[in-house]
Amino acid sequence: MSINIDYDAADAAGASANSSIIGPLNFAKDQAAVEPPTSLVNERDVPCMFCDKTYDFHSRENGPDHYLAHLYLVHRLIIDEVKEIGCLPSYCYYWKEKFREDPPEKFCSAMLLNQLPDGTTSSTSEKYFLLSDIEPLDAEIRQRLRREKLELVLTRHQFERTDRSFHRDCLYCRDYRSETRPDFIAHLYTKHYLQLGKPEHLVFVDELIETVQEKLNQLICLFCEKVFKDRPTLKEHMRKKAHKRINPDNHYYDRFFLVNYRHKQKPAYVPIAERKQESSVFVSDAESDSDWSDWNGEEQRTTCLFCAHIEADIAVLKQHMVQNHSFDFDQSVAGLGFYQRVKVVNFVRRQMHIHKCIGCGEQLSDYDSLCAHLSSTGHCRLDRESCPWDQPEYFFPTYEDDQFLCHLEEDDGNENELYDSSDHEGAVVISEPVKATINIDAESLALENLNLQ
Ligand SMILES: [Zn+2]
Ligand SMILES: [Zn+2]
Ligand SMILES: [Zn+2]
Ligand SMILES: [Zn+2]
Ligand SMILES: [Zn+2]
């Protein structure tokens with residue numbers, strides 16, 4: 001399928017939405033005739049970028065998570081910041097077209113690891129690819145999809161609020177028939193105490209109701225998702241436990257809430273060279289005296305994981321991190337293998353860069369609030385239970401030329417007993433030189449259009 005056809009369809013929908021601003025004057029029939037689409041592309045049958053395997057992005061059994069796992073395990077491709085992509089199925093169609101003509105090398109950062117996708121060590125160098133918005137085409141398609149998806153969602157939302165041709169029987173009672181989606185949702189709430197969300201916050205309501213109906217038919221509680229033996233028991237459970245609402249932790253429902261289409265501002269990518277420069281103001285005069293820098297091997301200096309502090313000696317830097325950030329690197333990564341350490345460093349760098357807590361994942365507004373959060377909560381430590389850093393995208397350096405990655409095996413002392421370091425001797429982490437060309441201004445969208453109150 002050509003993605004262009006679908007864009008045209010979306011454009012047409014956008015145009016018709018503009019003309020339907022005079023909505024109240026339209027007869028139900030006319031409105032039904034111009035019902036805007038619910039997706040940019042066919043999301044139920046999305047082919048792999050490289051092979052013929054297909055996935056249903058609305059299912060949990062063969063959905064986006066399976067798609068991404070397949071890309072990694074079979075084709076060794078990782079999509080960066082995949083959650084930020086406005087419409088992942090469209091993105092996949094787009095790249096499938098590109099990869100028909102050219103190999104991934106043309107668009108992706110490549111990296112060699114002597115590890116297989118399942119985590120086992122390989123005797124040869126294995127090549128992995130990262131598809132990210134460092135590639136201009138990728139940045140462009142991400143921007144475009146965010147904009148088009150947003151337009152589609154807003155158009156659809158507008159339509160669903162006013163369309164009077166929505167005829168559906170209540171999930172519970174027989175005599176009620178709604179005319180509009182907001183009426184239907186309101187009825188479920190006022191008569192049956194079922195809370196799906198405020199109608200003005202919801203979109204793709206038909207599918208939401210379909211999903212809810214299916215769950216109830218399968219005797220699954222909407223909130224805790226336990227299965228019950230019969231309908232009366234399920235009803236009793238949901239009423240008694242106040243489980244008459246959807247599970248907020250089930251991200252499957254995210255797409256039904258308008259708020260999730262709000263654009264999250266992404267910080268610009270900062271190459272480490274630039275960061276070094278930025279940070280030079282923090283370095284003492286003696287150190288920044290460049291006459292000696294070549295002599296001292298300035299290239300080998302390493303930037304702190306948490307601030308702009310630079311040290312030539314990694315041991316001194318680690319000491320700095322203990323004293324200033326209460327973070328003992330060696331202790332934190334004790335028992336972890338080489339690649340795990342690589343992931344830890346890249347993860348911490350990434351989190352610090354996007355101002356997210358490395359401990360609890362909370363998103364802070366800026367660097368200073370993040371530092372305040374880290375020190376007040378004591379979150380400057382790794383969660384060794386849920387291991388958020390143990391994701392394949394963290395194989396890839398957050399900063400090009402990150403010297404920290406060169407010191408992961410130096411003073412491991414007695415930790416050698418915990419893993420066989422000989423396996424890692426020839427380990428190479430190569431990031432092909434990348435140039436950041438992200439234009440975040442162009443990305444920012446008038447999301448203020450979303451009037452959620
Ligand atoms: Zn495939
Ligand atoms: Zn009812
Ligand atoms: Zn329940
Ligand atoms: Zn520091
Ligand atoms: Zn935290």
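Let's start with L112, which stands opposite K127 in β5. Two strands count as paired if DSSP finds at least two bridges between them. Between β4 and β5 there are 6 bridges, and the two run antiparallel. Their hairpin has 5 residues between the strands, and G119 there takes a positive phi near 95°.

Before I go on, a caution: this is a predicted model, where local features need pLDDT of at least 70, side-chain atom pairs count only at pLDDT 80 or more, and totals for chains, interfaces and linings use all residues. Residues are numbered from 1 along each chain as its sequence is written, while chains are lettered from A and ligands numbered from 1 in the order in which they are written.

Back to the strands. What is the strand order in this open sheet? It goes β3-β5-β4, 3 strands with mixed pairing. β3 (77-79) and β4 (109-115) sit at the edges with a single partner strand each, so one side of each has no neighbour in the sheet. On average, neighbouring strands here are turned by 30° against each other, direction ignored; the axes behind that are lines fitted to C-alpha atoms, for helices over the stretch in contact, with angles running from 0 to 180 degrees between N-to-C directions.

I78 has L130 as its bridge partner in β5, and I79 has L131.

Now for the core. Nonpolar side chains tend to be buried together in soluble globular proteins. Here, buried means 20 or more other C-beta atoms within 10 Å of a residue's own, exposed means 12 or fewer, and partly exposed is in between, with C-beta atoms placed from the backbone. By that count, 26% of the 453 residues are buried. A nonpolar core is a set of buried Ala, Val, Leu, Ile, Met, Phe, Trp, Tyr and Cys residues joined through C-beta atoms within 7 Å. The largest one has 72 residues, and Y91 and V344 touch the most other members. Which helix gives the largest share of this core? That's α13, with 8 residues.

α13 itself is mostly covered, with 14 of its 16 residues buried. Just after α13, H355 takes a positive phi of about 60°. As for V344, its contacts include V333, L336, L382 and W389, not counting residues up to four places away in sequence; contact means C-beta atoms, placed from the backbone, within 7 Å.

Compare a couple of residues elsewhere. V322 is in helix α11 (residues 314-325), and V322 is partly exposed because 14 other C-beta atoms lie within 10 Å. Setting aside neighbours within four places, V322 is in contact with F327 and D328. Y367, in helix α14 (residues 367-377), is partly exposed too, with 15 other C-beta atoms within 10 Å. Y367 and F306 are 61 residues apart in sequence, and their C-alpha atoms are 9.7 Å apart.

Technical notes:
Helices (H or I, at least four residues) and strands (E, at least two) are DSSP runs, numbered from the N terminus. Two residues are in contact if their C-beta atoms, placed from the backbone, lie within 7 Å.
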